[in-house]
Amino acid sequence: MADTTTNEHQHQLLDRVVIRFAGDSGDGMQLAGDRFTTSSAVLGNDLATFPDFPAEIRAPAGTLAGVSAFQVHISDHDILTPGDAPNVLVAMNPAALRANVATLPPGAIVIVNVDAFDERAVAKAGYATNPLTDGSLSAYTVYEVPMTSITTEVSKDAGVKPRDAERSKNFFALGLISWLYTRPIEPTIAWIEARYHDKPLVKEANHRAFKAGYHFGETAELFESSYEVRPAALEPGVYTNVTGNTALAWGLIAASVRSGLPLFLGTYPITPASDILHELSKQKHFGVRTFQAEDEIAGVGAALGAAFGGALGVTTTSGPGLDLKSETIGLAVSLELPLVVVDIQRGGPSTGLPTKAEQADLLHAIYGRHGEAPLPVVAAKTPSHCFDAALEAARIAVRYRTPVILLSDGYLANGAEPWRLPDVDGLVTIDPDFATEPNHVDEEGNASFWPYVRDEETLARPWAPPGIAGLEHRIGGLEKADGAGNVSYDGANHERMTRLRAARIAGIAHDLPPVDVDDPDGDAEVLVLGWGSTYGAIAAGVRRVRALGHSVAHAHLVHLNPFPTNLGEVLARYRAVLVPEVNLGQLSRLVRAEYLVDAISFTQLQGVPFRAAALEAAILGQVERVRAGAAGPGGTDEVEGDNGKVVRS
Amino acid sequence: MTEVADAVPVPVTTRKDWSSDQEVRWCPGCGDYSILAAVQMLLPELGVRRERTVFLSGIGCAARFPYYMNTYGMHSIHGRAPAIATGLAATRPDLDVWVVSGDGDALSIGGNHLVHALRRNINITILLFNNQIYGLTKGQYSPTSEVAKVTKSTPFGSLEQPFNPLSLALGAEATFVARTHDMDRKHMMEVLRRAHDHRGASFVEIYQNCNVFNDAAFEGITGKDNRAEMLIPLVDGEPIRFGAEGQHGVVMSDDGSLAVVDVADVGEDALLVHDEHHDNPALAFQLSRLSHGPVEPTPIGVFRDVERPEYGAQMAEQIDAAVARRGSGDLAALLRSGSTWQVG
Ligand code: SF4
């Protein structure tokens, strides 16, 4: 950290900072965090965000249950996670303080809206005494800022009612933090102008509050220093800041553009997947049809109907919806039609934790249908990777005529990161390869069409949407005769069809890139194997362990079914394989079953991402175990981590 | 896919062209046979193309229908055919999409999809084969079975108030609602022709005899000797009357309810004149409630036929409007639609 001096304040350069905005659900903390993220992105920082909000739209004000927070990590170098612990907490009321203070490291900055700390509010948050005066915050640098009163004061002569003016206090907080971290103010002002152009009073109040916050930092003799986080040295290119759900929606559009297939989304609103519907319904000029169905079943049914008609059929959901869609997905397995099923996982079982992330739908995705009903499963690993994963899911679906389940989760869905935009002309092309002519000659020598004649390489059947004379055919959920596709109850045929369906999905492995192993020194003995949204946390944990001088390898799976062909060989190279997951050990079970490898499961299910520190400790544990000669097959042992559990059995 | 076909005139076809090579497997004597025959005889008359005709179904005896049609077809899962048809019809306005369903499929497990497809006015033709029983699962009571029905699953009689399928469809804002029966091919073909020609969702209840598990359920009204006195043919713009000599009719009583009367008692001018196209579905609804099961004089024919924008066409219009306003989608521009910045 280099020090430079400005007129009144110290000005310090930081390499990174983690800021957490916290307030009531109705306080606009998500908006403040989002605007701060955008101005940091435009400035060129690398960043990662973690919106953390309750399931209720307006949970009781002032209570712990109602606290909504947005954490953003900005840095001048590439980063992988939204940060284990905030360096700065903005707390709009006592509940927001109480809900978050435990995560702060000593020395952190706490900026509170002191106007909200009256006796009633303090008691409502569950404090016996006022934390601002009882000395309990002595480990932190606390700034008491009268955000509510200044915000209402500055809008007094603008004709804004005090009650309405008060609502702009999130912009005051944003202005203050923008000053403290030397963010440009123009993007936010331009955004306020555009967003509220038809609500002049709201626009004025937000504008004034934002500037007041900024000037407060500058003029109040409160802050010793302002800070700066310089742009990160990212790979050259054009960047945008993107959330997982937006990237996923764009990936689906890209799949439509690159295949020439019209995109049809059949879906039902569900947290945290609805934003994909919202984004796609804005993009009608791409020929996108979005259908908000009467229920989850109709959503996937309509998508399957559209696929039968030759569209790129997609349905989006979260766990409870995936349960409901299972029967129709099974039908798609039988029909052998392309279908993309997107599951934005959340905490379960049942309604579970709607706004919190979990990775517990993996086994459901792979096995969750009656009968032998295999299908490919693809998982996104970062917010921007949701774009690539969506494109990949559609590619596999179309090429192999199969439903594909694409797994994301609430953390990727709402989290954002800078994304270096791909060259759209370089994206994969998807050939629908529709059937155009009869493929069979019957006993009388007439040309006819058999819907279950298979491509020799892919084992995929022809896709023949209605419209071509001579290709009329009937498909359905009853078992079909191999080739001809007529209903068949013959046992030998059923066994052949079952094995063909399985072989078709298994064979996709030959069409996948080998799993990439990050093992820079090539001498690691411990491999960390992950999938999905734990990518950033695992990579950060691995970095920390390497910084301590140890070698450790990291592989992250995008294809969960089938696995890449080299996975078994990769796993066999290491003496210990650690599998961190936000579930009770699902991938670890799969690789144990598939490769007879003694995979060690490290799990946590608290609705929040792994902390890099926890993974560092878990990985170090394995490094030490290997060094002690303890690794290898056999034995049972169980180790409790500080926020996770290691199980060997 | 459609351009090539458009260049070729619609071929002249016969019933045989619309029949698949699959052996029909309904029980001998099942009413489904006559419905299949009526459809296969009607299609050559409609001037439509086989390759643009799709039959979709769910599960049940009726749901085997698509296998017997030499068209595109899908035999899907229980109750979901209207949902699947919605996706197909919304993306392929060039197709004729028929949904074949039964009382269990459409009104029990698939009730939700049925009412929403009707409400949205999806461009599909829904045929509900109503036999008031579960056939494929061998004889349990269905949502249209009469109260106190004794079946395998209700040895002491069923307790449930049955659905009136037409009342349900009208309540769901259906734009075309009709009833016919499996004993009168001519009537079936005429009603099905009207249903096909209607733009939007058409709903046709077809009284169908399940001779194995609920034989003669409709005999009292559809039997050759009973029809004249028990079926009330609805004719648009005509007074509603029936009977061998047209001696009975339907009037609206002072309390607004409908009643069956003898024309001689009230005079011809007092009879209710049928109006399929009335904006208000109240009269059609009243007609649907005139009989409480196939034991009283029962109206057949088209109850309601009104125009309302069709869902798929409106979806296409929104797309066309968006393209006109913004130009066709440009992927590179989409990716740059938020704030962007250049590095290096
Ligand atoms: S069980 Fe009844 S409805 Fe089914 S095929 Fe036999 S007669 Fe027809």
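Between which strand and which helix of chain A does the loop that holds Pro349(A) lie? Pro349(A) lies in the loop between strand E14 (339-345) and helix H13 (362-367) of chain A; helices (H or I, at least four residues) and strands (E, at least two) are DSSP runs, numbered from the N terminus. This is a predicted model, in which local features need pLDDT of at least 70 and side-chain atom pairs count only at pLDDT 80 or more, while totals for chains, interfaces and linings use all residues. Residues are numbered from 1 along each chain as its sequence is written, chains are lettered from A and ligands numbered from 1 in the order in which they are written, and side-chain values use heavy atoms, with hydrogens and water left out.

**The two chains**

- Chain A contains 20 helices and 28 strands.
- The radius of gyration of chain A, taken over C-alpha atoms, is 27 Å, close to the 26 Å that the globule rule gives for 649 residues, so chain A is as compact as a globular protein of that length. The globule rule is 2.2 Å times the number of residues to the power 0.38.
- Of the 649 residues in chain A, 62% are buried, where buried means under 20% relative accessible area, exposed over 50%, and partly exposed in between (1.4 Å probe, protein chains only).
- Chain B has 13 helices and 12 strands.
- For chain B the radius of gyration is 23 Å, close to the 20 Å given by the globule rule for 344 residues, so chain B is as compact as a globular protein of that length.
- Buried residues account for 55% of the 344 residues of chain B.

**Helix packing in chain A**

- Helix H6 (residues 169-180) and helix H8 (residues 200-219) of chain A pack at an angle of about 35°, with their axes 7 Å apart. The axes are lines fitted to C-alpha atoms, for helices over the stretch in contact, and angles run from 0 to 180 degrees between N-to-C directions.
- Among the residues that make the contact are Phe171(A) and Trp179(A) of H6(A), together with Phe210(A) and Tyr214(A) of H8(A); contact means heavy atoms within 4.5 Å.
- The buried residues of helix H4 (residues 147-154) of chain A are Met147(A), Thr148(A) and Thr151(A).
- Seen down the axis of H4(A), these buried residues fall within an arc of 95°, so they line one face of the helix. The arc is that of the directions from the helix axis to the C-beta atoms.
- The elements that cover the buried residues of H4(A) include H6 and H8 of chain A.

- Most residues other than glycine have a negative phi, and most peptide bonds are trans.
- The peptide bond from Gly348(A) to Pro349(A) is cis, with omega near 5°.
- A cis peptide bond also runs from Asn561(A) to Pro562(A), with omega near -10°. Pro562(A) lies in the loop between strand E24 (559-561) and helix H18 (567-572) of chain A.
- Gln132(B), a residue other than glycine, has a positive phi near 60°. Gln132(B) counts as buried, at 8% relative accessibility.
- Glu173(B) is not a glycine, yet its phi is positive, at about 70°. At 42% relative accessibility, Glu173(B) counts as partly exposed.

**The surroundings of Ala228(B)**

- Ala228(B) is placed in helix H9 (residues 227-230) of chain B and is partly exposed, with a relative accessible area of 38%.
- Not counting residues up to four places away in sequence, Ala228(B) touches Phe242(B), Gly243(B) and Ala244(B).
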